[in-house]
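Work through the exercises below with the model open. Each task is followed by a solution in steps.

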Amino acid sequence: MSAVFKPEETFRGDFNYSNSPQAVRRFPLPFAEDNYMYSVNIEPHLPGPLGSVTEFAFDVDEHYVAECRERAIVLATEPLRYQAMPHMMSSQWDCLELIMESLAHDYPAHFSLAKQGNRWHWINRPLEIDQHFTFGDTATLPREPLDYITRQAQGDFVVMDQREGDLWCEAGMVTTQADWSLDFDLGMTFKEWHGPVPLAHELQVFDRALKFLLNLRLGQPVRRLNWTMTINPRLDTSPENYPQWGTDRAAVTAQNAGDLVHLRVELQGLWRLPRSNAVVFGIRCYLISLRQLATVPKWARRVHRVLKDLHPALVDYKGLTRYRDAAVQWLAPFDDGSPTTSGTAPE
Amino acid sequence: MNDAQTITVEVIGVEQVTPLIKHFKLAPAAGGSLPVFSGGSHIIVVMQGAGRVHKNPYSLLGSPLALDTYEIGVRRMEESRGGSHFMHDAVEVGSRLEIAHPVNLFGLDKIARKHVLIAGGIGITPFLAQLEDLHGGSVPYELHYSVRSSEHAAFLQRLQRREGERLHVYYDSEGQTIAFETLLATQPLGTHVYVCGPVGMIKHVIATAQSCGWPDSHIHWEQFSAPPVGDAFEVFLARSKLSVHVPPDQSLLESIEAAGVEVPYLCRGGVCGFCHTRVLELDGELVHNDHFLSEADKAKAKSIMPCVSRANCKRLVLDL
C-alpha cells in the first residue's frame with residue numbers, strides 16, 4: 001500500500017500512536033476461529049492480496065519512519081540489542097542483500113539499489129540515506145551489515161546458523177520484542193531458545209518446526225503469525241526494561257482497557273540465506289488497541305471469545321493474567337453472540 | 001519440496017575430464033544470474049529422457065562467486081538407471097535442462113578450528129566449491145584426494161594450481177592409500193572432518209574417527225545413493241486411492257510421481273529425510289537403501305524413504 005508515513009508517532013512516553021482506518025482494515029488478525037491453540041501454522045511466504053501485510057516480502061507501512069526512530073532510541077542506550085558472533089558475517093551480508101533487494105523491488109518510490117559488480121548504491125528516501133559501499137567489505141559501511149540494514153527495517157531479526165542438525169541463535173537485532181532478550185538467548189539452540197514456551201514442547205511443536213526449518217529451501221520462504229497483548233502501544237517490552245513497563249499492567253480496568261490494551265501480532269518470516277546457509281527469522285510487530293480493533297464488529301466478537309476461553313497456561317505465559325478479565329469485560333458489549341464467518345477477513 | 005520453481009539452463013560447455021567423468025557448464029537460459037549458493041550445495045537436474053523423467057542430484061563444483069554459470073561433474077555409473085547415461089550420451093552444448101534451486105546438506109561448520117576434507121573419486125565435487133570459501137580464509141584446512149590412477153584424477157590441475165601443499169593425492173594404481181588412523185588421530189581439537197566418496201570409504205572414515213574419540217558433531221559425510229534396481233512390486237497409495245506399479249529400473253518415488261502424486265523431496269539420494277513416508281500396511285519386507293533412518297527405525301518397517309528404498313512384498317500401503 002502507498003502508506004503516508006507518520007514520523008511523529010511515539011512508542012513510549014506520550015504514546016502518540018494509532019492506526020489509520022486503512023491500517024486497521026489490513027491488520028493481520030491471527031485468529032481464524034473463535035478459539036486459539038498452538039499449531040505448526042507455517043505457510044509459504046507467497047505474495048498476499050494487494051495492500052495486505054503479506055503483499056511483499058517485507059511490509060513497509062505508515063509506522064515505518066517512527067519505528068526506525070524508536071529502534072535508534074533503544075540502541076543509543078542499549079547497544080547489545082544488536083549482536084552478531086564473528087562466524088555470522090557471511091549471513092549478515094546475505095540479510096543485507098535480501099532486505100535491500102526486496103525493499104528496492106517492492107517500494108521503488110521509497111528505496112533504490114543500483115549495482116555495478118560489488119559496488120552498490122543504496123538510497124532510502126524516507127530516512128534520507130544515500131550510501132555507496134562495496135558488497136562484502138564491512139569497512140565501506142558505517143556499521144556491520146546486519147546492524148546497518150535492520151536499523152532501516154521494521155521488526156526484529158534473528159539469524160540462525162545451521163549445524164549439528166540444529167539452528168543456533170547467533171546474530172540479531174531485537175528492539176521490538178515481546179519480553180525476550182537476544183542478549184540472554186544468543187548462542188542457544190532452537191529448542192533452548194524456545195524453552196519457556198508452555199504446552200508446545202509436549203505437543204512436539206518444536207520438534208516438527210525444527211525439522212521443517214532445517215530443510216527450508218532457498219527461494220521458498222515461509223511465514224506464520226504469533227500474538228500476545230501489550231499495555232500501551234509499546235514496541236520495546238524487553239526483560240531488560242521490565243521495570244519500565246511491567247507495572248503498566250496493574251493500571252488496566254474494564255473502563256480503560258479499550259485504550260490501554262493492545263493486541264500485539266507478530267508476522268514471522270523465515271528465509272534460507274544463500275551464502276551462509278543460515279536462516280533469518282524476521283519478527284514484524286503490529287499493534288492495535290482494543291478500541292480500534294472493535295471498529296470491526298466481527299473481530300470484536302472473535303477476540304472477546306478467544307480471550308474468554310484461552311487456556312490458563314497461555315494466559316500466564318503471554319503475561320495476560322492481571323488484565324485478561326478487564327479486557328474481556330471491555331469487549332463483552334461488542335459480542336451479541338451472533339456467529340462469525342470463518343477466516344480473518346474483516347467481514 | 002517440489003519442482004514448482006525450476007530454472008531452465010542451457011548447457012554451454014561439456015568436457016570429458018576423465019574416462020568416466022564429464023564436466024558440464026550450465027547457464028541460465030533466460031540470461032542473468034543463477035541463485036547464490038554455499039559450498040557443498042547440490043542441485044537436482046531434471047532430464048526428459050526417452051519415455052521417462054530422471055531427477056538426479058549433483059554437487060555444484062564451481063565458485064559460489066561466479067553465478068553466470070553452474071558447474072557439475074557427472075560420473076558415468078556402471079549400473080545406471082539412465083540418469084548418468086543420459087547426461088553422458090544425450091546432453092551436449094546447447095541442450096536445455098531444468099534444475100531446482102541449490103540445497104546444502106553438506107555445509108562447512110562455521111565454528112570449526114580446522115577442516116580436513118577427504119574425497120574419493122567423484123566425491124571431490126562438493127569440495128571444489130567449499131575450497132572457494134576456504135581459500136583465503138583464516139581457518140586452516142587440508143584436502144586428501146584418493147583416485148584410481150592419474151587418468152581418473154578429475155579436476156587435479158585446478159586443485160594443484162590453487163591448493164599447493166594443502167592437497168594430498170593418493171593413487172590406488174600405485175598402492176597409495178590414505179592413512180586414516182594417523183590422519184584422524186593427530187588433528188587438533190576443534191577439527192571437523194568431511195568425507196565424500198564410495199560408501200566403504202565413508203564408513204571407514206566414520207568408524208576410524210569415532211574410535212579416535214571424535215564427537216559425531218565433528219564428522220560430516222555425504223553420499224547420494226542412486227536408487228538401486230530391484231524386483232518389480234505394487235504399492236497402494238491410501239490417501240490418493242491409487243495403485244502404482246514400480247518397475248525394476250524405476251524408483252518408488254519416480255513411480256509415484258509418474259502416477260501424478262507429488263511427494264515432497266530435497267535430495268533424492270536417501271540423505272535428507274524429506275520424503276519420509278509412513279507405511280500403513282506391509283505383507284513382505286522393505287528394502288531400505290537410505291542413510292537417514294536409524295537401524296532401529298528400519299527394522300520397525302513403519303516408514304520408508306521412497307527416493308532410494310524399495311520393497312519385496314505382496315502388498316504395500318503408503319500414507320500418500
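This is a predicted model: local features need pLDDT of at least 70, side-chain atom pairs count only at pLDDT 80 or more; totals for chains, interfaces and linings use all residues.

**Exercise 1.** Give the strand order of the open sheet of seven strands in chain A, and state which strands stand at the edges.

Solution. 
- Step 1: the order is S1-S8-S9-S10-S6-S7-S2, with antiparallel pairing.
- Step 2: S1 (43–44) and S2 (82–84) of chain A each have a single partner strand, so one side of each lacks a neighbour in the sheet.
- Step 3: helix H7 (residues 205–214) of chain A packs on the sheet and touches S6 (156–163), S7, S8, S9 and S10 (279–289). The direction of H7(A) makes about 80° with that of S7(A).
- Step 4: within the sheet, S8 (residues 222–231) and S9 (residues 261–272) of chain A pair over ten bridges in the antiparallel sense. A:Thr230 has A:His262 in S9(A) as its bridge partner.

**Exercise 2.** Which residues touch the most other members of the largest nonpolar core?

Solution. 
- Step 1: the core holds 63 residues, and A:Trp227 and A:Leu263 touch the most other members.
- Step 2: H7(A) supplies the largest share of this core, six residues.
- Step 3: the contacts of A:Leu263 include A:Phe27, A:Trp227, A:Tyr286 and A:Leu293.

Technical notes
Residues are numbered from 1 along each chain as its sequence is written. Chains are lettered from A and ligands numbered from 1 in the order in which they are written. Side-chain values use heavy atoms; hydrogens and water are left out. Two strands pair if DSSP finds at least two bridges between them. Helices (H or I, at least four residues) and strands (E, at least two) are DSSP runs, numbered from the N terminus. Contact means heavy atoms within 4.5 Å. Axes are lines fitted to C-alpha atoms, for helices over the stretch in contact, and angles run from 0 to 180 degrees between N-to-C directions. A nonpolar core is a set of buried Ala, Val, Leu, Ile, Met, Phe, Trp, Tyr and Cys residues joined through side-chain atoms within 4.5 Å. Buried means under 20% relative accessible area, exposed over 50%, partly exposed in between (1.4 Å probe, protein chains only). Lists of a residue's contacts leave out its neighbours within four places in sequence.
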